[in-house]
Amino acid sequence: MKIENTLQYADANMRVNSVRVLTDDGIEMTHGGFNTIMTRFGGNYVPTLTCGGVGTDVLYRRQGCVREMFMQFIPHAREYGVYTSLLHPFSFAFYRKFGYERVSDTVICDFPITALNFLPRAADVVPLTPERLPDLLALFEAFSKDRNVMFRRTDGGRFNPKRTYLHYGADGKADAYVQLEGENHYDGINRMVSDNLHIYEMGYVSREGLLGILSFVRMFEGEFDTVRIHDLGPIPEVDLILKHFMHTKYDVHPDIMARILDTEGMLYANTYPIEHGVFTLRAEDELDTVRGTFRVEYQDGGCEIERLSDTAPADLTVGPQALAKLLYGVDAYDARMASYMDGVTMHNEARDFFRAFPKRVCGLFEHF
């Protein structure tokens, strides 16, 4: 077999590669897209390899084609300048073989619109216009800051002006937005019947902004019976606002997997606590860019990192799958909980490590 790697597009924000695995006589066996993009991690952005559209013709499966394709990128993280990798798996077990692990779920939430009856009906929003796009981009930048996995947005490509609305706070700054669309159907006799009011995205930087958006959603009461939030994962604060749950339904779909490709790069990218702390992490991995023992001393949001010998004492030793879960802060871990994870050996309580990598919101509106 042979690999065909084609650079389709590149600019300051993204690099798009199309990869095919071919037989010796040129027949395509496997294809996939490998893009580099900036994503959120620890309050900052990290260069990320996203993998999507991977597929193998049924005649050529179980011949190592996908592995050959991934080997074009995973061992060459520094060459491509990426620190981590993300993908939507068709099989979690399959991609764990390449060092990936689940870091984000998609949570579909359905509730009757009358469940917002504790809020006033208010239309204190304005539609998106070209003049307001800078406000929306600044709002999204602030909203996404502490939400791991989020893609950087530098233009309005993801915002449909026909269904995007902004809320402005008392200070005149945009503090929330929503993208929504109604769905109904003709009953075949004489009227339209409500299906769902679909909320595709929400973003906010304050409770007041979120309440303003939900009050606007309530303006659709009487037109639509049910609200469907297409992903509550990146916006868990919404669940703190809702009060009526008897008819609320949650449909959880385990979704995005991550694979750390440069441990030192990810450690430097994190935003650390103000308080002083020190920990030593040993990462076990087949990749040179991941494997090693790292002593991290942090304070005032930043850190200094020293690479130690492989025999140096460590607070915890982790494999590639566990490393992704711990660094991304998928859950609130301590030494006791982490000791239950595959690939983790706790040598002490490692309190300063878990203080540096607390539970963080992980989620993404885009599908790639």
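Visitor: Which residue is the bridge partner of Met14 in E3?
Guide: Met14 has Ile37 as its bridge partner in E3, and E2 and strand E3 (residues 28-41) run antiparallel, joined by 9 bridges. Helices (H or I, at least four residues) and strands (E, at least two) are DSSP runs, numbered from the N terminus, and two strands count as paired if DSSP finds at least two bridges between them. This is a predicted model, in which local features need pLDDT of at least 70 and side-chain atom pairs count only at pLDDT 80 or more, while totals for chains, interfaces and linings use all residues. Residues are numbered from 1 along each chain as its sequence is written, and side-chain values use heavy atoms, with hydrogens and water left out.

Visitor: And how many bridges join E1 to E2?
Guide: Strand E1 (residues 2-10) and strand E2 (residues 14-22) run antiparallel and are joined by 8 bridges, with Ile3 standing opposite Val21 in E2.

Visitor: What's the strand order in the open sheet?
Guide: The open sheet has 7 strands in the order E1-E2-E3-E4-E5-E15-E6, with mixed pairing. Its edge strands are E1 and strand E6 (101-102), each of which pairs on one side only.

Visitor: Switching to aromatics, how many pairs are there?
Guide: The count comes to 29 aromatic pairs, where rings of Phe, Tyr and Trp (its six-membered ring) pair if their centres lie within 6.5 Å, with planes under 30 degrees apart counted as stacked, over 60 as edge-to-face and the rest as tilted. In one of the pairs, Phe279 and Phe353, the ring centres are 5.2 Å apart and the planes stand at 85°, so this pair is edge-to-face.

Visitor: Where do Phe279 and Phe353 sit in the chain?
Guide: Phe279 is in strand E16 (residues 277-283) and Phe353 in helix H10 (residues 351-356), so that the pair links distant parts of the chain, 74 residues apart. Both Phe279 and Phe353 are buried, a class that means under 20% relative accessible area, with exposed over 50% and partly exposed in between (1.4 Å probe, protein chains only). Phe353 also forms an edge-to-face pair with Phe354, at 5.2 Å centre to centre and 85° between the planes, and Phe354 is buried too.

Visitor: Which charged residue lies over the face of Phe140?
Guide: Arg153 does, at 4.2 Å from the ring centre, and Lys243 lies over the face of Phe118 at 5.3 Å from that ring centre. A charge sits over a ring if NZ of Lys or CZ of Arg is within 6 Å of the ring centre and within 35 degrees of the ring normal.

Visitor: What about Arg62, buried or exposed?
Guide: Arg62 counts as exposed because its relative accessibility is 86%, and its place is in the loop between strand E4 (44-56) and helix H1 (65-70). Its phi is near 65°, a positive value in a residue other than glycine.

Visitor: And Ala350, buried or exposed?
Guide: Ala350 is buried, since its relative accessible area is 6%. Ala350 is found in the loop between strand E20 (344-346) and H10, and its phi is near 50°, again a positive value in a residue other than glycine.

Visitor: Last one: how many of the residues of H5 are buried?
Guide: Helix H5 (residues 207-217) is mostly covered, with 8 of its 11 residues buried, among them Leu210, Ile213 and Phe216.
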